[in-house]
Structures are given as structure tokens and as C-alpha cells.
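Have the structure open while you read.

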Amino acid sequence: MNKKIIASLMVVLLVFSITACSNPTSQTTPPANVGDVFRIGIMPDVAAIPFVIGAKKGIFEKHGLNVQLIPFKSAQDRDAALQAGELEAVSSDLLALFLLQEAGIKFSSIGHTAGQFSIAFARESGVKEPTDFISGKVGLSFNTLMDYLLDRFISENILDSTKIEKVSVPAIPARLELLASNQLSAATLPEPLASSGKGEFSSVISLLKSPEANPSVFLVSDAFLASHDGYLDILKASYNEAIAYCNDEDISTYYSEVSEFIGFPPGAEKFQYKPFIELLPTDSFEYSAALDWAMEKGLVKTNFNMVDVCK
């Protein structure tokens with residue numbers, strides 16, 4: 001072939017290659033407003049750890065996200081901040097989702113998080129097995145996940161609910177103090193707080209059948225997602241990258257940093273944290289069970305369609 005023709009073809013190919021590489025439609029680009037402030041409310045529990053890792057280890061920032069973590073000590077304070085429009089997202093649960101939707105505050109679940117929950121029994125109660133719990137006072141926060149999980153625990157273990165008194169103690173640290181001083185027979189608590197006081201309690205029993213059977217969810221503002229096309233995929237990818245970091249690294253290398261930010265009590269380091277689960281799609285059974293409970297309690301009147309409030 002003529003050398004001039006070959007040279008011409010090479011120039012054409014080079015120009016084509018440069019054009020293709022510089023064409024913005026040929027690669028995935030983040031939304032222009034991906035760096036907008038994204039405030040996430042977290043509680044002092046296991047589910048908060050991947051969020052803290054994502055922020056502290058620069059994982060969210062690497063993906064272009066401007067995440068700010070806002071810690072809370074009670075579900076009531078967290079939900080009040082949501083209703084006031086002070087958060088774009090929250091590490092929360094299905095009950096909170098239904099209550100927000102009922103109030104006209106549009107948040108959706110984007111998947112299950114790594115929450116774990118237990119019921120801890122005071123030393124003087126002598127409870128070792130669920131069926132040992134005949135009567136007593138249980139500290140919790142009314143009309144929240146803790147309330148729902150206690151009712152499920154009572155039902156699953158065929159306990160007499162008329163002999164079990166629910167006591168409103170919204171703040172988790174106060175719940176622990178009352179339990180340790182035997183002013184409560186038991187308390188429903190998120191982990192690792194329940195297990196942090198194992199030496200002071202008669203027993204600590206999980207309220208979940210498995211980590212996957214979990215009503216904890218990551219809630220995100222519908223309005224924020226609607227105005228940030230493509231943000232959801234980036235958010236999920238960065239969260240799951242934080243999960244991978246938590247599982248791949250020895251927890252001793254990051255526990256102190258996480259504990260200091262969240263405010264875990266002494267003894268919480270003994271809890272079995274791993275494995276952390278990736279963001280799983282919202283489970284239809286967990287969804288229906290929680291919604292049925294909320295409707296039976298009169299907390300919500302709307303039978304929300306799962307496809308409308310889960311992404």
C-alpha cells in the first residue's frame with residue numbers, strides 16, 4: 001500500500017481515537033451536583049460503623065460525595081431532625097420509614113444496613129433463656145423499632161405480654177444506666193451497646209434470627225435523589241466499598257477512631273462485629289411484618305406499597 005495512504009489512515013485513526021476518548025458520552029460521569037452537602041444521621045450502633053469508615057477513610061470523598069455525619073443518642077431526636085429537614089439521609093429502620101411517609105415526609109429505603117439488636121436482662125432478673133422472662137419492666141422507646149422488636153420477641157417466645165411492662169426511656173445511655181442499676185428488668189438495645197455490659201447483665205439475647213433478617217434500612221430523601229440524577233448508584237457503591245474495608249481490615253486498626261466518633265461505651269470492643277453485610281435490597285417479609293405491626297398499633301393508616309417507598 002502507498003506510504004502516503006498509510007500515513008493518512010494513521011492520522012485519521014489517531015484523530016478518531018482522541019475524539020472517542022474525549023467524548024463525555026463514552027464514559028460514566030458523576031452528576032454535576034454530586035458534591036452538594038449530604039447530611040446522614042447516625043445512631044450509636046453497629047449500623048453506623050460503615051458510614052464512619054466511609055467518611056473517615058475518604059471513601060465518600062473519593063467518589064465525589066460531600067458527606068456530613070450527624071450523630072444522635074435517641075431515635076426521637078433523630079426523627080425530629082428528619083422532620084425539620086435537617087438531614088438528607090439517615091441510618092434508620094422500617095418503622096421510621098412508615099412514620100415519615102405517613103407524615104408526608106418523603107424518604108425511601110435504598111436497602112438494609114448492618115444493624116443488630118438485642119434484649120439485655122438485669123443481673124437480678126436471673127433470665128438466661130427467653131422463656132425465663134415471666135414478668136418485669138422493659139426499657140425502650142415507644143413506637144419505634146425497639147418497641148416493635150420487643151413485641152416480636154414476646155410473640156415468638158410465647159410470653160405473657162400482660163405481665164411485661166414497657167417503660168419509656170428514649171435515651172439509650174439512660175436505658176443502660178437503669179438496667180445496670182436493676183431499676184429495669186430488661187431493655188431493648190442496639191448492638192454493641194447491649195453486649196458492652198455483658199458482665200453486669202444476667203444475659204444478652206439477640207432480637208434477630210440472622211443478620212439478614214433485619215429491619216434496619218438506609219433512608220434517603222426522595223427530593224434529594226430526584227434533583228441528583230445518578231447519585232444513588234454512587235452512594236450505594238461508596239457505602240459497599242466502606243463495607244468491604246470494614247470486613248477486609250482488622251477491626252483493631254479502626255475501632256478506636258469509630259468508637260470515639262460514635263461514643264461507644266467501654267466493653268463495646270468485645271462485640272463480634274463481623275461480617276458486615278453489603279446494602280441488601282429491602283426484604284419483602286421484613287417490610288410486610290413491620291408495616292402490619294405499625295398499622296395494628298394505629299401508628300399509620302396507609303398500606304404503603306413497597307415499590308413506592310423502596311429503591
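## The chain overall

Of the chain's 311 residues, 49% count as buried. Keep in mind that this is a predicted model. The chain has 13 helices and 10 strands.

As for contacts, take those with a separation of 6 or more: 79% of them come from residues 24 or more positions apart.

## Where α5 meets α12

Now pick out helix α5, residues 94-102, and helix α12, residues 284-296. They pack with their axes 9 Å apart, at an angle of about 55°. That falls between the cut-offs of 35 and 65 degrees, so α5 and α12 are oblique to each other. The crossing of α5 and α12 is right-handed.

Who's touching whom? On the α5 side you'll find L94, L95, L97 and F98. They meet E286, Y287, A290, L291, W293 and A294 of α12. Sorted by class, this contact has 9 nonpolar residues, no polar ones and 1 charged.

## The buried face of α7

Helix α7 runs over residues 172-180, and I172, R175, L176 and L179 are buried in it. Look down the axis of α7 and its buried residues fall within an arc of 100°, so they line one face of the helix.

What covers them? The cover on the buried residues of α7 includes strands β5 (117-122), β6 (136-140), β8 (186-190) and β9 (201-206). Helices α6 (145-156) and α8 (193-196) are part of that cover too.

Terms used:
Residues are numbered from 1 along each chain as its sequence is written. This is a predicted model: local features need pLDDT of at least 70, side-chain atom pairs count only at pLDDT 80 or more; totals for chains, interfaces and linings use all residues. Side-chain values use heavy atoms; hydrogens and water are left out. Axes are lines fitted to C-alpha atoms, for helices over the stretch in contact, and angles run from 0 to 180 degrees between N-to-C directions. Helices (H or I, at least four residues) and strands (E, at least two) are DSSP runs, numbered from the N terminus. Angles under 35 degrees count as roughly parallel, over 145 as roughly antiparallel, 65 to 115 as roughly perpendicular and the rest as oblique. A crossing is left-handed if the near helix is turned anticlockwise from the far one by less than a right angle, and right-handed if clockwise. Contact means heavy atoms within 4.5 Å. Ala, Val, Leu, Ile, Met, Phe, Trp, Tyr, Cys and Pro count as nonpolar, Asp, Glu, Lys and Arg as charged, and the others, Gly among them, as polar. Buried means under 20% relative accessible area, exposed over 50%, partly exposed in between (1.4 Å probe, protein chains only). The arc is that of the directions from the helix axis to the C-beta atoms.
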